[in-house]
Amino acid sequence: MLDSPSLDDRPRLPGNSHESVTKHRSLTRIPDWRVILFALLALSAVYVSLHLDRGWYLVDDGALAHPAERVLQGELPHRDFDDVYTGGLAYLNAAAFRLFGTTLWSMRLVLFAVFLTWVPAVFYIASRFAGLLAAASMTLLCVAWSIPNYPAPMPSWYNLFLATFGVAALFRYLECRRRRWVVIAGVVGGFSVLVKVVGLYYVAGVLLFLIFQAHADAQARDGVRTRGVAYATFVSAALLLFVGALCVLVRHQLFGAEVVHFVVPGTLIAGLLVRNEWRVCSGTSRTRFLELARLLAPFIAGVALPVAIFLVPYARSHALAALFNGVFILPMRRLTGVSAHMRPLLTLLTLALPASVIAFGAVTTRRALRGRSVALLAVALALLVVATSSSAFLYRLVWDSARGLLPALVVIGVVVLSRHRTADAESSLLRSRTMLLLSVAALCSVVQFPFSAAIYFCYVAPLVALAALALFRYAPPMPATVSATLLAFYLSFAVFRINTSAQFGMGRFYLPAASIPFAAMTESRAGIEVPRVTSKEYQAVTYLLQTHARGGYTWASPDTPEMYFLTGLRNPTRSLYGIFDDSTEHTARILHALHVRGVTAIVENKEPFSPRLAPDLVRELELRYPHAAEIGPYLVRWQ
């Protein structure tokens, strides 16, 4: 997949002939792409490994580790317990336990391995828009904005990696036109859905691209003078339904910022596709339907393949309804129960920061200003990075200018792709590649809904960066030093202000992680470092539970699945989070489970994000478990 692009499709160096390209290479002595890729992998591996045991929300690690352990015990996600995600990740983490031991660290090792395969895919995509050194720099930017910020093996990281693999496969298809690459793009989409249902966003983004590509392929035929009205009507209706689905998705948080970030980008792309069908003749309806089917069929088949295999044990055990309920119905409770809003629309004004740098580059080219102007720009941006350490306002200015970039990119992209541009003559695939990245980035960005915490932007930030790189090919000519300075600015901000910051300050202010005393967790099943205070709390809670729990069971609620994993005690219920519990006869059901399993020690989380335990249940627990000890936010009870 990392084949070097042909000279006819490579981003142009000075001069258009093969001779001038060869001469330029000999003068600049650019290393072979294999050398650059090896250096990228080595640097990324070392850098990320330094962060791999930090970054924690143990409730997240517990939500991943506890289902994996239940899978090892022979249980099936959604049939036997309420998995927060689709279920595929539980099997991957169970395999990690088999290979590396039953620890939280084992799951991070698997994430790290997949990350190392992702780096070449990012480099491959970036190399289709820039020279090798620029592509390597863009890859480092994507690395810095990804898992160093939160190296927990969250499913959204796998969704990001798989979406990138899918984009790379479709790039390869555009170059060689072999449909097996479309199938591969579908297969990774199927795996993404099995990791977390939001993998459907990637699938939707690719479907938008395939509609665009089918039109482009039809338009490329000579002598096309007809328009397929039936086909255009079908596509328009399908895209209208797609926009309606976006509106339905965000209906519980129908605020201005959510609409702009999660509805407008997809709507604009759909509008561009509808415009293409009605304004540009591209063949009869029969021909158009056949061409679209030739693209859709291998992709949908690829998506269906891993999903069909995953469904086999559910079909055999007559548990398809339980799977459907767990994947599509229960998560709807999260839309109303757990949410975090996007920052106000006013923050989009921070886009003036990167826009002014690009405008400066264009002016510098036109007026032939001296190099000292670019040097002054670099110094100003460096001082801004330094100032973000002490100024929350400047920190948010830079952060918001990155997070608010995608809607602006889609607006620009739709305008740019509405007709052929000069840059399209330099690369026959530029339009298609740009459309693919815009569509996938715009839809994958919806992963930030409904819980728009800062870290959720990192799950899509690399795709946003690659989309920006694609559109940069359409930007006015400017000195390479200007674009390099802008890239270095956001890379420096990530390395020095995000990667090294405590996560709960992300997106709001800089709080050095070094200012918080960390310690390795003493539990044998941990293997990661957490704040020392947290480590002591978990040590005390697990000690009490393991001391007083007899029969191998405990009950930890609400929202404390990590307790089951750290103690090695089993869960007498099917629940991980209180928000997903069935409220019907909840108290009676819990008390019955505790009685049947002979549970002698429990722990209550006093600071859950789900609703607290019902008062009648608390009274019964006090009677059954009269001894108690309060440790931080936890209340341990035992008989």
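# A tour of helix packing and aromatic pairs

Helices α10 and α11 are roughly antiparallel to each other, since angles over 145 degrees count as such and their axes cross at roughly 175°. This is a predicted model.

Select residues 229-249 for α10 and residues 256-279 for α11; the two axes come within 10 Å. To see the contact, show side chains on both helices. On α10, the residues that meet α11 include V229, Y231, L239, F242 and L246. On α11, the partners include F262, V263, L273, V274 and W278. The residues of this contact divide into 15 nonpolar, four polar and one charged.

Next, turn to the aromatic rings. The structure holds 27 aromatic pairs. Select F129 and F171: the ring centres are 5.8 Å apart and the planes stand at 70°, so the pair is edge-to-face. F129 is in the loop between α5 and α6, while F171 is in helix α7, 42 residues apart. Both F129 and F171 are buried.

Y459 is in the loop between α20 and α21, so the pair ties together parts that are 302 residues apart in sequence. W157 counts as buried at 0% relative accessibility, and Y459 is buried with a relative accessible area of 5%.

Now select F112, F115, W118, Y158 and F161, which ring pairs link into a cluster.

Finish with two charges over rings. The charged end of R54 sits over the ring of F518, 4.3 Å from its centre. R525 lies over the face of F565, 5.0 Å from the ring centre.

Notes: Residues numbered from 1 in each chain as written. Predicted model: local features only at pLDDT ≥ 70, side-chain atom pairs only at ≥ 80, totals over all residues. Heavy atoms only, no water. Axes fitted to C-alpha atoms, helices over the stretch in contact; angles between N-to-C directions. Helix = DSSP H or I, 4+ residues; strand = E, 2+ residues; numbered from the N terminus. Parallel < 35°, antiparallel > 145°, perpendicular 65-115°, else oblique. Contact = heavy atoms within 4.5 Å. Nonpolar A, V, L, I, M, F, W, Y, C, P; charged D, E, K, R; others polar. Phe/Tyr/Trp six-rings, centres within 6.5 Å; stacked < 30°, edge-to-face > 60°. Buried < 20%, exposed > 50% of the residue type's maximum accessible area, 1.4 Å probe, protein only. Lys NZ or Arg CZ within 6 Å of the ring centre and 35° of its normal.
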